[in-house]
Amino acid sequence: MSNNGLDACYEFRRREIRQMVKNIHGKIGSTINLSERIFLTMLSVTMSMLWGGSLNGEVAKLGLEIKDRLEEFMKLMGEPNLSDIFPMLSPFNLQGIESKAKKHVSWFYGFLESVIKQRMKLGEGPKMADSKDFLQQLLELNQRGDAKTSLSMMEIKAVLLDMVIGGTDTTFATIEWAMTELLRHPNKLRKVIEELDAIIGDQNVVKESNISRLPYLTAVVKETLRIHPPAPLLVPHMPNETTVIAGYTIPKNSWIFFNVWAIQRDAEFWEDPLRFEPERFLKDTEKRNYTGNSFHFFRLDQGGGFLLGFHWWRKLQCRF
Ligand code: HEM
């Protein structure tokens, strides 16, 4: 998961993305289902980084089944569940959310088992620049023989499922929304094309290493993530100690939801928040950097991380 690890599997991402571009280019003049194309590509990118898998050719059907199941699974994860709010009700499974989710999880585990079995039969997977792929590293952790540091097969399947779900739906939703916003704002789309023509040239293909030279495209992605965060409440967090933040006591083991959807649309901090305006990220770029310890992506005034925490906490009141 390090930068070196990501660099080592760049070739897999390049291959899948070029395949998608070629595919779309070949359909000029006809209607295409962009959503399906993007999903299958992002799934192929994730699978190829994890175990060298791809969804080209006849396995594309499998990709569409994964798409349907993932979509349904994500809906179930986002649905308010009475059993979460009142844990004493959970044995009754009143809305059937848990049983439906379990059905999908067991289908995914079956699919991952077949991937693992095939790898064990064939030995090591495709070589990435000087390193083993993710699945190979997990399997080596399984064979350590030391109970403390080794991973069980169940844990390997859970990690792989986490990565497939975490890596595919998020990137797919972000690209789909970015394309939607650009189509709804032709003047912004024109700016993206002009930047690409000027920096890359219309006969060349964009490489990951070019991204730092494409500030407008980067601003489009940031603005898309601001208005349409793929995980609007993040994932639930749970403090393992009772903590006091800004005078509020957060009890040990309580479930915390961060409503980033509301934070990133808060008119107090974002001018005209519902407007798709990538330009806002071009002004004062340091404050709008979302990596490292800079939290200004969430909050644009002069306050630091603590105030951000406080702000988050205020938003949380209604969720407790
Ligand atoms: C637009 C792209 C993405 C977005 C917006 C996104 C967003 C998130 C968020 C909000 C969390 C929860 C962080 C927290 O509250 O602690 C998370 C966790 C995670 N993400 Fe992503 N993510 C993206 C891409 C990816 C990719 C490409 C992968 C892997 C290939 C990935 C794997 C994970 C994993 C493994 C976790 C931890 C899940 C856990 O704790 O069980 N994500 N991501």
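**Figure 1. D272 sits in the loop between α11 and α12 (305–316).** Everything in these views comes from a predicted model, where local features need pLDDT of at least 70, side-chain atom pairs count only at pLDDT 80 or more, and totals for chains, interfaces and linings use all residues. Residues are numbered from 1 along each chain as its sequence is written, and side-chain values use heavy atoms, with hydrogens and water left out. Helices (H or I, at least four residues) and strands (E, at least two) are DSSP runs, numbered from the N terminus. The thing to look at here is the backbone: D272 is not a glycine, yet its phi is positive, near 45°. Most residues other than glycine have a negative phi. At 45% relative accessibility, D272 counts as partly exposed, the class between buried (under 20% relative accessible area) and exposed (over 50%), using a 1.4 Å probe and protein chains only.

**Figure 2. N93 is another non-glycine residue with a positive phi, about 45°.** N93 belongs to the loop between α5 (82–85) and α6. Its relative accessibility is 26%, so N93 goes down as partly exposed.

Figure 3. The surrounding residues are D162, M163, G166, G167, T170, T171, T174, P230, A231, L234, V235 and H237, where a residue makes the list if one of its heavy atoms lies within 4 Å of the ligand. Where does the ligand lie relative to domain 1 and domain 2? It lies between them, because both domain 1 (3–184) and domain 2 (221–319) give residues to the shell. Those bounds come from an automatic or database domain assignment.

**Figure 4. W51, W107, F108 and F111 form a cluster linked by ring pairs.** Searching the whole structure turns up six aromatic pairs. Rings of Phe, Tyr and Trp (its six-membered ring) pair if their centres lie within 6.5 Å; planes under 30 degrees apart are stacked, over 60 edge-to-face, and the rest tilted. W51 and F111 have ring centres 6.2 Å apart and planes at 65°, so this pair is edge-to-face. W51 is in helix α3 (residues 34–51) and F111 in helix α6 (residues 97–122), so the pair ties together parts 60 residues apart in sequence. Both partners are buried: W51 has a relative accessible area of 8%, and F111 has 13%. W107 and F111 make a stacked pair, 6.1 Å centre to centre with 15° between the planes. These two share helix α6, four residues apart, or about one turn of the helix. W107 itself is partly exposed, at 22% relative accessibility.

**Figure 5. Two lysines lie over ring faces, K67 on F39 and K157 on Y109.** A charge sits over a ring if NZ of Lys or CZ of Arg is within 6 Å of the ring centre and within 35 degrees of the ring normal. K67 is 5.9 Å from the ring centre of F39. For K157 and Y109, the distance is 5.3 Å.

**Figure 6. P251 is in the loop between β2 (248–250) and α11 (260–263).** With a relative accessible area of 38%, P251 is partly exposed. P251 and M238 are 13 residues apart in sequence, with 9.2 Å between their C-alpha atoms.

**Figure 7. L189 belongs to helix α9 (residues 186–199).** L189 is partly exposed at 26% relative accessibility. Between L189 and A178 there are 10.0 Å, C-alpha to C-alpha, and the two are eleven residues apart in sequence. Zooming out, the protein has twelve helices and two strands, and 36% of its 320 residues are buried.
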